[in-house]
Amino acid sequence: MSQQNSSGNRDGSAGAANTGPPHSAPAKPIQIKVVLLGDAAVGKSSLVLRFVNDEFQENKEPTIGAAFLTQKVRLDDTVLKLDLWDTAGQERFHSLAPMYYRNAQAAVVVYDITRAQSLDRAKSWIKELQRQAKPNIVIALVGNKLDLVADQENEEAEDADADADADADADADTDAEHTTATEGKERQVQTSTARAYAEESGLLFLETSAKTGEGVVETFTEIAKKLDLNQIASNNQAARPGQLNSGSANVNFLSEGSQSEQRNTDGCAC
Amino acid sequence: MEQPEHQGIATTSNTSRAARKLSEHELEHLEDFHSPEWRQHSRHFLVLSSAGKPIYSRYGDEAQLSTLMSATQAIISTFADMSDPVRSISIGKHTVVFYTNGPLYLLAASDRGDPDDLLRGELQLLYSQIVSILTAAQLTKIFEQRSNFDLRQLLGGTQGIIDQFIDQLDTDFTFALGSLDTLWMRYRLRERIGKALLVARPKGLLYAMVVADMKLVTLLRPRKHSLHPADLHLLFSMATSNVFMTGEHWTPVCFPRFNDQGFLHVYIKYITSNVVLLLISADRDSFFAMNKYCEQICKDLASDDSLQRLDDAAAQRALRPYELGVGPGMLLQLYYKHKTLVQHFGTRFADSVDEAQQLRIINTYKRLRIYMTKGGQGPLRIVYYKSAANTVLAWQSSSFELFAAFAPKADVKSMIRTVNMVLEWIKSEEDHLFVINAPSY
């Protein structure tokens with residue numbers, strides 16, 4: 001999967017500049033709605049900024065309300081336009097969350113691998129999604145902040161054979177500043193624990209670092225692979241007859257479009 | 001639920017300060033009120049619940065200040081029981097002012113000779129800031145249900161916004177003037193932007209505003225209603241936060257003077273690197289209508305070079321004192337408030353004025369304004385103020401307020417002459433200085 005429009009242009013990151021299909025792909029992009037949920041300060045916005053603008057900010061200010069960003073990606077021969085809702089993790093915004101996940105085709109539920117409590121919060125989001133979101137929603141459980149524990153795991157890796165994390169460790173070795181920041185941080189959620197929970201609940205599972213970029217594009221690739229794109233494409237079309245450009249298709253996201261889509265999913269929707 | 005951003009702080013004691021590299025933000029939170037750093041700050045602001053629970057402190061981690069919070073709570077409640085609420089205390093060169101509203105107790109302490117009324121006004125703004133995040137209805141309800149509630153749970157993530165607002169109180173005279181700051185630009189360009197707002201007004205939209213660095217470019221409003229400047233100050237201040245620079249944002253905001261019981265919904269998008277579009281809607285599901293409206297405005301403004309010219313004007317931020325038709329040297333800074341329009345503009349500071357002196361000048365303006373309007377001698381028209389650090393002239397008439405800082409060598413005669421020249425210039429430039437024919441619907 002390759003990202004398009006990832007020039008880092010700030011305006012380009014938002015809906016306005018991303019509406020037209022690229023010249024190389026005459027087909028209309030398939031629009032996918034993705035919501036990010038999780039406890040405050042687990043790195044939801046940082047994952048989105050890494051994915052959309054390929055950048056990372058230290059000490060980022062907490063999101064207020066919700067942020068909306070879009071990113072086009074190519075999966076094999078299909079162009080997808082991901083509409084990303086990056087929600088604030090603070091408690092006072094909880095009651096607004098249904099507005100963002102209620103029509104989402106996918107959810108990224110994020111926790112911080114150095115804070116066990118944040119996995120509990122992720123689990124309660126997942127329960128809420130399974131109860132109240134679309135029944136066929138694709139959910140990815142994502143453990144973020146791998147960079148904070150990479151050093152320690154590097155040391156462990158010298159004794160035991162760690163396999164999957166080898167790339168991250170190599171990155172971390174070259175990152176001098178990183179070493180200062182990681183002191184005192186310990187992994188509180190073991191990969192195996194979270195993976196077992198994810199498998200049992202039928203979720204995708206990845207560990208990421210928004211700081212190094214590890215696992216970020218993969219997260220969205222895995223989601224795209226698991227989605228039933230044909231189904232979504234036909235739903236999108238059925239929901240928006242007569243729409244000439246994909247930009248204005250957005251407008252129906254929360255109103256008429258959603259109702260039509262619900263009619264179009266298989267009968268057991270409620 | 002513990003606030004995550006405070007977790008790292010709570011587990012870090014002073015002794016481990018050297019053990020790891022700390023960000024400036026974290027360092028600040030290590031201060032407690034026994035530390036000399038904490039005591040050295042000029043202006044403190046504290047918020048606590050009527051039960052004495054810490055809610056906010058401008059400096060240090062409010063949780064570390066619980067003794068101070070309890071003492072404050074004790075002082076306020078003692079006097080409240082005597083049905084003669086405590087308003088202020090003077091301790092040496094410090095003035096401590098109290099303000100209570102519903103379940104919140106607020107305290108300001110200053111060593112800059114700030115008058116009580118000034119600090120009380122700022123505490124009222126701080127209270128409004130908290131209401132704009134939560135609504136007064138929610139505040140009342142929470143504390144009715146649990147008087148011991150820890151409000152930081154609900155304010156989580158807003159420390160930065162509140163800190164930024166209080167810093168702006170120090171550096172910007174706008175909040176004290178109570179009117180809207182405007183961006184200087186050619187009248188035709190402002191009119192052009194106003195027209196773009198009218199083209200595709202979506203259902204549900206109440207207000208559309210184009211703003212650069214807290215300065216109004218233009219706005220679209222209902223014909224029979226206008227939002228209170230104090231409400232807009234809170235919104236403009238919030239919109240300067242870095243968090244809004246990327247992407248489009250959608251968040252509930254309460255406007256206390258408009259309706260402190262409920263939320264409106266605000267769409268926030270930086271349409272250029274210096275200019276933000278703020279759309280206020282009553283409908284929380286109208287994000288995509290606002291998103292489409294924003295696209296159309298941008299497309300329209302980009303069709304000629306208006307968007308670029310808007311960004312260029314915004315990048316200038318403010319006029320320089322020598323651009324006010326008076327030549328360089330004498331005038332260091334000036335604010336002019338147009339009373340009828342409830343708008344004002346302020347110039348930049350002359351290059352010779354360092355940051356510390358800028359703060360002193362703003363502080364002098366604020367104090368003079370209080371003396372002129374609320375002083376014992378009744379309203380004053382012209383005040384000339386000279387100290388070792390500042391030379392300031394303040395002038396109020398039925399149609400304007402003017403505050404100007406001058407080079408120390410300036411005498412009264414030359415100050416008056418300069419100000420008269422500026423007033424002439426303002427008259428001729430009014431169309432470009434203020435938002436005169438903003439569209440309404």
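The model is predicted, with local features requiring pLDDT of at least 70 and side-chain atom pairs counted only at pLDDT 80 or more, while totals for chains, interfaces and linings use all residues. Residues are numbered from 1 along each chain as its sequence is written, chains are lettered from A in the order in which they are written, and side-chain values use heavy atoms, without hydrogens and water.

Between domain 2 of chain B and domain 3 of chain B there are nine residue pairs in polar contact, both residues being at pLDDT 80 or more. A polar contact is a pair of N or O atoms within 3.5 Å; within protein, one must be able to donate a hydrogen and the other to accept it, and residues adjacent in sequence count only if both atoms are side-chain atoms. On the side of domain 2 of chain B that touches domain 3 of chain B, strand 6 (180-181) and helix 10 (187-199) of chain B each supply at least two residues; helices (H or I, at least four residues) and strands (E, at least two) are DSSP runs numbered from the N terminus. The two domains bury about 900 Å² between them, 43% of it on carbon and sulfur atoms, where buried area is the accessible area (1.4 Å probe) lost on putting the two parts together, summed over both.

An automatic or database domain assignment divides chain B into domain 1 (19-171), domain 2 (180-315) and domain 3 (321-433). The C-alpha centres of domains 2 and 3 of chain B are 29 Å apart.

Over all chains, the salt-bridge count comes to 27. One of these joins the side chains of A:Lys211 and A:Glu58 at 2.9 Å, N to O. A:Lys211 lies in the loop between strand 7 (204-207) and helix 8 (216-226) of chain A, and A:Glu58 in the loop between helix 1 (44-53) and strand 3 (66-75) of chain A, so the pair ties together parts 153 residues apart in sequence.

Methods:
Salt bridge = Lys/Arg side-chain N within 4 Å of Asp/Glu carboxyl O.
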